[in-house]
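Have the viewer open as you read.

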Amino acid sequence: MTHAFAVVNPAAGGGRTARKWPTLAAELARLGLAFESARTVRRGHATELARRAADAGWSLVVAVGGDGTLNEVVNGVTDAHGSPLVTTGAILTGRGRDACRNFGLAADWRLAARRLVEGADELFDLGAAEWPDCARRYFVSAAGVGLEAVARRAASRGGVGTLPHVLAVVEGLVTHRPVPVTIEADGAPESSVPLTTVVVANGAYYGGGMKIAPPADPADGVLDLVVIGALGRAELLRWLPTVYWGGHLATPRRSFVASAG
C-alpha cells in the first residue's frame, strides 16, 4: 500500500495515542506511505470518518487506537450487506488490544506500521448484531451480554494493559445479577433462562485479554457461542480468573457451541 487514510483516536490507551501519533506519523512517512488523517472527538466519530474516507476513494482506511476504534472503523467501511467497501488496516495503541491476539496483528506500533506498507491483505469473518428496529452493527472480535458491560466500564477508566479490565470485573461483582436471555442457535428450540453471560465470538479473546472462546478462529466461516449459566457472586469470583486462560469452559454451568456464520 502507498496511500491510506488514518482515523486516529487520541483518547485511546488513556491518551497514549495522542502522545504517540506524531512519532507514528513520521514513521509512516519515512516508510513511504502517503496518507491523510483525522482525529476522533466523540464516540462513533471513527465510523463517520471511515465512511467519508471510503466514499472519497481511499483504498485503505487505518484505525489508530484501541479495539473500539477498530470496531468503529470496520462499521464505517462495511456496507449494509456486510461487504467491505475498502481494506481496513490497524495500528493498535489502546489498552486491551484483543485484535492483536485474534488476528495476529503486530502489538509493536513500528512493526504494525511496516506491515501496512509491506504486508498483504488477509480475509477474516465479520459478525453482525441486529436490533428489533432493524439497526445493525458489525463486530470483529465478539459481542455479548453480561461480561460485555466489563468492557464498557473498563473503557471509561485510565491505565494500561489488562489491569483496568480486571478492576472493572471486580467492581461488577458488587452489582452482579444473572440476566434473562432467550437463545436460538443453529435452528435449535429457543431457551429462556437466567445467565451470567452469553458471548458470540469471532476470535478467542475479548474484554482486554479474556480467552472467552479458546477454539474460535476468525477465518473459519463460523461464530462460536459461549453460554455461562447463572452464577452467584462467590461462584463468579472463583470463576472469573479462569477466563483469562480459557479454564472457564470446565465449569459445569457452561455450554460451548460452534454456530454457523
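Glu118 pairs up with Arg114 in a salt bridge, with 2.8 Å between the closest N and O atoms. (A salt bridge here is a side-chain nitrogen of Lys or Arg within 4 Å of a carboxyl oxygen of Asp or Glu.) The two residues sit four apart in helix 5 (residues 109-118), so about one helical turn separates Glu118 and Arg114. Helices (H or I, at least four residues) and strands (E, at least two) are DSSP runs, numbered from the N terminus.

How open are these two? Glu118 is exposed, at 56% relative accessible area, while Arg114 comes out as partly exposed at 33%. Buried means under 20% relative accessible area, exposed means over 50%, and partly exposed is in between, using a 1.4 Å probe and protein chains only.

A word on the model: this is a predicted one, where local features need pLDDT of at least 70 and side-chain atom pairs count only at pLDDT 80 or more, while totals for chains, interfaces and linings use all residues. Residues are numbered from 1 along each chain as its sequence is written, and side-chain values use heavy atoms, leaving out hydrogens and water.

## Other charged pairs

How many salt bridges does the structure hold? There are seven. One of them joins the side chains of Arg30 and Glu27, at 2.9 Å from N to O. Both residues belong to helix 1 (residues 16-30), where they are three residues apart, about one turn of the helix. Arg30 is exposed at 55% relative accessible area, whereas Glu27 is buried at 17%.

Then there's Glu130 with Arg136, a salt bridge whose closest N and O atoms are 2.2 Å apart. Glu130 counts as exposed at 54% relative accessibility, and Arg136 as partly exposed at 38%.

## Asn202 in its loop

Asn202 lies in the loop between strand 9 (191-201) and strand 10 (222-229). Is Asn202 buried or exposed? It counts as buried, because its relative accessibility is 0%.
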